[in-house]
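Hi,

Here is the structure I promised to pass on. Have a look at it first, and then read my notes below.

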Amino acid sequence: MFRTLFSRQTKTETPAPQPVEARALTLEDIFGVSEAAAGVTVSPTTAMRAPAVRAAVTAISEACGQLPLVVVETGPNGLRKPAEGHPLHPILNQASNGWTSSNQLREQLVRDALLHGNGYLWIARDGTGAVRELIRLRPGDTTVAEDVANPLSAPVYRIDGTVVSGRDLIHLRCPLGPDGANGVGPVQDAREAIGLALALEQTEASIVKNAAKPGGIVSFADRLTPEQIAQRGKLWKATFGRIGQGGTAVLDAGGKFDPLVFNLVDAQFAELRAFQLAEIARAFRVPPVLLQDYGRATWANSAEMGRQFVNFTLAPWFARIEGEFALKLFTEEERGHLCLEHDVDQLVNSDPRERAETAQAWRAAGIKTSNECRVSENLPPRPDGDTLDNPNTTSTTTAGGPANG
């Protein structure tokens with residue numbers, strides 16, 4: 001696999017990597033597989049079978065993938081403006097390679113980091129060293145470790161046992177683990193909580209599937225022989241089994257039927273499953289309302305939890321993506337005046353009334369022009385919309401006389 005990727009990169013830009021002896025890897029290193037105390041194997045694949053985990057991973061990764069990643073240029077006096085003509089702009093916002101859109105690539109990168117702790121992209125460059133495309137690497141094919149012999153050196157990356165330069169890899173980490181080189185994701189750190197959620201779901205499914213509870217007890221006043229017990233049991237099942245449900249029971253020899261009331265709430269399944277959902281939400285730092293848990297949600301606090309999701313959950317991921325991409329994709333000279341930013345307006349200004357009030361405040365304060373406000377609403381510019389005037393106080397003169405602007 002690596003030789004195929006390396007053939008897409010001009011060898012004059014990066015020296016050919018030298019094979020080295022790779023360290024022995026465990027199954028947990030490669031696949032993230034481990035067993036929880038509940039007896040359930042927890043891996044990135046099995047963890048996604050828990051609806052709460054899937055909802056949390058999807059909420060974070062889709063938000064990171066759907067937002068534009070803008071190349072921003074800093075000019076005199078701190079003026080910042082989008083550099084849409086930069087060669088990286090189409091790679092980061094349109095197509096990262098010939099078969100993957102930029103949105104899908106960034107979403108998959110964040111998903112890999114959440115599930116495996118680390119996400120990797122190969123940077124293919126042309127003969128001049130310019131970035132040509134970004135290609136996803138499977139987390140199990142790539143490893144990173146610190147150079148123990150030289151603690152001041154950069155981490156050592158290996159693809160299929162071959163050492164490669166970290167300058168040619170995008171490495172998106174979850175919060176760093178003890179070794180300082182690898183990220184540790186929620187699936188690894190919270191495997192007990194995820195394993196218990198999976199075990200509870202499997203147990204509940206088994207109860208429903210096998211009807212693992214008696215509907216009632218048939219008792220008799222007199223002592224019955226084993227043959228009589230078997231005969232009456234067969235008769236009861238034949239008459240009032242699944243097909244004969246709803247019939248009238250007629251018992252002889254002083255028989256009595258006592259129905260049993262046994263449900264999952266009595267066994268605290270509902271409470272335990274709700275608690276595990278909250279535990280998984282804590283592990284991924286996602287508000288429970290985004291996992292479709294509306295038990296304590298109201299219209300007011302749901303909107304506030306959405307803001308908290310942007311500020312406390314997504315913002316760290318945005319910072320990791322922006323920092324890593326800028327470090328590896330910009331030249332040292334470009335990093336002096338270029339940076340990357342996510343446009344979060346789509347997430348924080350979803351309410352039309354709030355957007356209108358914000359635009360009016362920007363106009364009144366002389367911060368944004370009419371056209372700048374119109375662009376944020378995907379409206380075409382107006383010929384007279386590039387002046388920083390206050391529409392509430394500025395007046396203009398028309399052919400018919402004075403009129404308020």
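The axes of helix 4 (residues 51-66) and helix 6 (residues 102-116) come within 7 Å and cross at roughly 145°. Axes here are lines fitted to C-alpha atoms, for helices over the stretch in contact, with angles running from 0 to 180 degrees between N-to-C directions. Helices (H or I, at least four residues) and strands (E, at least two) are DSSP runs, numbered from the N terminus.

Before going on: this is a predicted model, where local features need pLDDT of at least 70, side-chain atom pairs count only at pLDDT 80 or more, and totals for chains, interfaces and linings use all residues. Residues are numbered from 1 along each chain as its sequence is written, and side-chain values use heavy atoms, leaving out hydrogens and water.

Which residues make the contact (heavy atoms within 4.5 Å) between the two helices? On helix 4 they include Val-57, Ile-60 and Cys-64, and on helix 6 they include Arg-106, Val-110 and Leu-114.

Two strands pair if DSSP finds at least two bridges between them. Strand 3 (residues 69-74) is joined to strand 4 by 3 bridges, and Val-72 stands opposite Pro-82 in strand 4.

**One more helix**

Helix 13 covers residues 352-364. Just after helix 13, Gly-366 takes a positive phi of about 70°.

Cheers

Notes: The expected span of a helix is 1.5 Å times one less than its number of residues. Contact means heavy atoms within 4.5 Å.
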